[in-house]
Amino acid sequence: MKDNLLVNRRKQNSRDVLCSVYEKYRDSLLVLAIALSNDVNTAEDAVHDVFVSFAGTLDNFKLTGSLKAYLAKCVANRVRDLTKVKRSRAKILDDRQDCRKTGDVADPGRLIVCNEQLQQLSSALAQLPYEQREVIVLRMRGQMRFAALAKSLGISVNTAKGRYRYGIQKLRSILNSEIQK
């Protein structure tokens, strides 16, 4: 169902619409939040907070672009806020998330490889400066264009592209050095 229709139906008190939006975007927003925070608990909190806030303001909400991009921006901002709070309290945790079941339960070897690759990527992303990690994750997992990404972060398009390029180069370097070990 189109996002505009979902938002308009919510304004007409259709109770199932909010559930539809949640089910449609929950998983992709959670993956985005995990990649940004490197902490499953923080990611779940951020996604939950965004949907609670979204539900509370939906009556006055006007969709001007992509709902997914809007929610991704909100999740990124919430993750940033939660991460700042954690840093200020010196409670940064390094949690590892398990590889989600891809539906191929019959092949445990594939799950092991998937889990190992996710851990390597998560570790490599965690080594990037937050600004680079944020741009990479919003671009790849949030599927945001550079113009929208730059606008949501309050930076220029060239700065967003530069952070993305330098972050990808550093990721390649980190992952290549791990492979050679």
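1. N38 is buried, at 11% relative accessibility; buried denotes under 20% relative accessible area, exposed over 50%, and partly exposed the range in between, with a 1.4 Å probe and protein chains only. N38 belongs to the loop between α2 and α3. Its phi is near 60°, a positive value in a residue other than glycine.

2. On provenance, this is a predicted model, in which local features need pLDDT of at least 70 and side-chain atom pairs count only at pLDDT 80 or more, while totals for chains, interfaces and linings use all residues. Residues are numbered from 1 along each chain as its sequence is written, and side-chain values use heavy atoms, with hydrogens and water left out.

3. The secondary structure of the protein chain comprises eight helices and zero strands. Helices (H or I, at least four residues) and strands (E, at least two) are DSSP runs, numbered from the N terminus. Of the 181 residues in the protein chain, 36% are buried.

4. Helix α6 (residues 130–140) is largely enclosed by the rest of the structure, because eight of its 11 residues are buried. The buried residues in α6 are Y130, Q132, R133, E134, V135, I136, V137 and L138. One of these, E134, has its C-alpha atom 9.2 Å from that of R80, although the two residues are 54 apart along the chain. R80 is placed in helix α4 and counts as partly exposed, at 22% relative accessibility.

5. Helix α4 also holds T83, which is buried at 14% relative accessibility. A polar atom of the T83 side chain lies 2.7 Å from the backbone oxygen of V79. The criterion for a polar contact is a pair of N or O atoms within 3.5 Å; within protein, one must be able to donate a hydrogen and the other to accept it, and residues adjacent in sequence count only if both atoms are side-chain atoms.

6. S66 sits in the loop between α3 (40–57) and α4 (67–88). Its relative accessibility is 41%, so S66 counts as partly exposed. A polar atom of the S66 side chain lies 3.2 Å from the backbone nitrogen of A69.

7. Which residues lie closest to the centre of the second largest pocket? The second largest pocket has a volume of about 400 Å³. Of its 17 lining residues, the closest to the centre are G65, S66, A69, Y70 and A148. The elements giving two or more residues to this lining are α4 and α7 (146–153), and α4 gives the most, with four residues. A pocket is an open set of points on a 1 Å grid over the protein atoms alone, where a 1.4 Å probe fits, with protein on both sides within 12 Å along at least five of seven lines; lining residues have an atom within 4 Å of a point. Grid points are joined across faces, edges and corners, and the volume is the space filled by probe spheres set on the points.

8. The lining of the second largest pocket divides into six nonpolar, six polar and five charged residues. In this scheme Ala, Val, Leu, Ile, Met, Phe, Trp, Tyr, Cys and Pro count as nonpolar, Asp, Glu, Lys and Arg as charged, and the others, Gly among them, as polar.

9. The structure holds two aromatic pairs. In one, the ring centres of Y22 and F51 are 4.9 Å apart and the planes stand at 80°, so the pair is edge-to-face. This pair links distant parts of the chain, with Y22 in helix α2 (residues 15–37) and F51 in helix α3, 29 residues apart. Y22 is partly exposed at 33% relative accessibility, whereas F51 is buried at 7%. Rings of Phe, Tyr and Trp (its six-membered ring) pair if their centres lie within 6.5 Å; planes under 30 degrees apart count as stacked, over 60 as edge-to-face and the rest as tilted.

10. The rings of F146 and Y164 also form an edge-to-face pair, with centres 5.4 Å apart and planes at 80°. Here F146 in helix α7 is linked to Y164 in helix α8 (residues 157–180), 18 residues apart. F146 is buried, with a relative accessible area of 15%, and Y164 is partly exposed, with 21%.
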